[in-house]
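Trainee: I would like to go through this model with you. Could we begin with how it should be read?

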Amino acid sequence: MTDLLIRNAAPDEAEAVLAFWKEAAEGTSITDDVDGVTRLIDRDPEALILAESDGVLVGSVIAGYDGWRCSLYRLAVLPSHRRRGISTALLDAAEKRFAAVGGRRGDAMVLEANEQAHRAWTSAGYAREDHWRRWVKPFS
């Protein structure tokens, strides 16, 4: 895809990102609101990476680094733009970010039931680790 722009999200794009996720991403999160997205960008301006084509938001990935772990969330591509290398470009940008800060391994959060995502992550070189489980407790 020659007209693809990979860039970081700006705080004033929170609503556009949320609308994009409703169309392109699987599942929802407790932090799927303007305040949650804005706080992410304010705390770590390089974490939310977007792909844009002809001025249209077509992809996203959150590449969070907390000084210890490199965490990947919300890899999503508009259905009409899939299989064009957008997720590859997004993951390349995320992995370069992680390498620049000394990250050693990327951990991706992937929904169990999302078989299409399993194939995408596998083709990108990521492998499932069944011996770990995520434990959560909402604070509100």
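Predicted model: local features only at pLDDT ≥ 70, side-chain atom pairs only at ≥ 80, totals over all residues.

Trainee: At what angle do the axes of H1 and H2 cross?

Mentor: The axes of helix H1 (residues 14–24) and helix H2 (residues 34–43) cross at roughly 115° and come within 9 Å. Helices (H or I, at least four residues) and strands (E, at least two) are DSSP runs, numbered from the N terminus. Axes are lines fitted to C-alpha atoms, for helices over the stretch in contact, with angles from 0 to 180 degrees between N-to-C directions.

Trainee: Which residues make that contact?

Mentor: H1 contributes Ala-14, Glu-15, Leu-18 and Trp-21, while H2 contributes Val-34, Val-37 and Thr-38. Contact means heavy atoms within 4.5 Å. By class, there are five nonpolar residues, one polar and one charged. In that scheme Ala, Val, Leu, Ile, Met, Phe, Trp, Tyr, Cys and Pro count as nonpolar, Asp, Glu, Lys and Arg as charged, and the others, Gly among them, as polar.

Trainee: Which residues of H2 are buried?

Mentor: Gly-36, Val-37, Thr-38 and Ile-41 are buried in H2. The buried residues of H2 pack against H1 and S2. Buried means under 20% relative accessible area, exposed over 50%, and partly exposed in between (1.4 Å probe, protein chains only).

Trainee: Turning to the core, how many residues are in the largest nonpolar one?

Mentor: The largest nonpolar core has 32 residues, and those with the most contacts inside it are Phe-20, Trp-21, Val-37, Leu-48, Val-61 and Leu-72. Such a core is a set of buried Ala, Val, Leu, Ile, Met, Phe, Trp, Tyr and Cys residues joined through side-chain atoms within 4.5 Å.

Trainee: Which elements give two or more residues to this core?

Mentor: They are H1, H2, strand S2 (48–53), strand S3 (56–65), strand S4 (70–77), H3 and helix H4 (115–123). The largest share, six residues, comes from H1.

Trainee: What is Leu-72 in contact with?

Mentor: Leaving aside neighbours within four places in sequence, the contacts of Leu-72 include Val-61, Ile-62, Leu-91, Phe-98, Met-109, Trp-121 and Tyr-126.

Trainee: Next, Ser-60: is this residue buried or exposed?

Mentor: Ser-60 is found in strand S3 and counts as buried because its relative accessible area is 0%. Its side chain reaches the backbone oxygen of Arg-74 at 2.9 Å. Beyond residues up to four places away in sequence, Ser-60 touches several residues, among them Phe-20, Trp-21, Ile-49 and Leu-90.

Trainee: And Ser-53, what does its side chain make a polar contact with?

Mentor: The partner is the side chain of Asp-3, at 2.9 Å. A polar contact is a pair of N or O atoms within 3.5 Å; within protein, one must be able to donate a hydrogen and the other to accept it, and residues adjacent in sequence count only if both atoms are side-chain atoms. Ser-53 lies in strand S2 and is buried, since its relative accessibility is 6%.

Trainee: What about the backbone: what is phi of Asp-54?

Mentor: Phi of Asp-54 is near 50°, a positive value in a residue other than glycine. Most residues other than glycine have a negative phi. Asp-54 is in the loop between S2 and S3, and counts as exposed because its relative accessibility is 66%.

Trainee: Where does Arg-83 lie?

Mentor: Arg-83 lies in the loop between S4 and H3. Its phi is near 65°, again positive in a residue other than glycine. With 87% relative accessibility, Arg-83 counts as exposed.

Trainee: Lastly, which residues does Ala-93 touch?

Mentor: Not counting residues up to four places away in sequence, Ala-93 touches Ile-6 and Ile-49. Ala-93 is in helix H3 (residues 86–100) and is partly exposed, because its relative accessibility is 22%.

How values were computed
Residues numbered from 1 in each chain as written. Heavy atoms only, no water.
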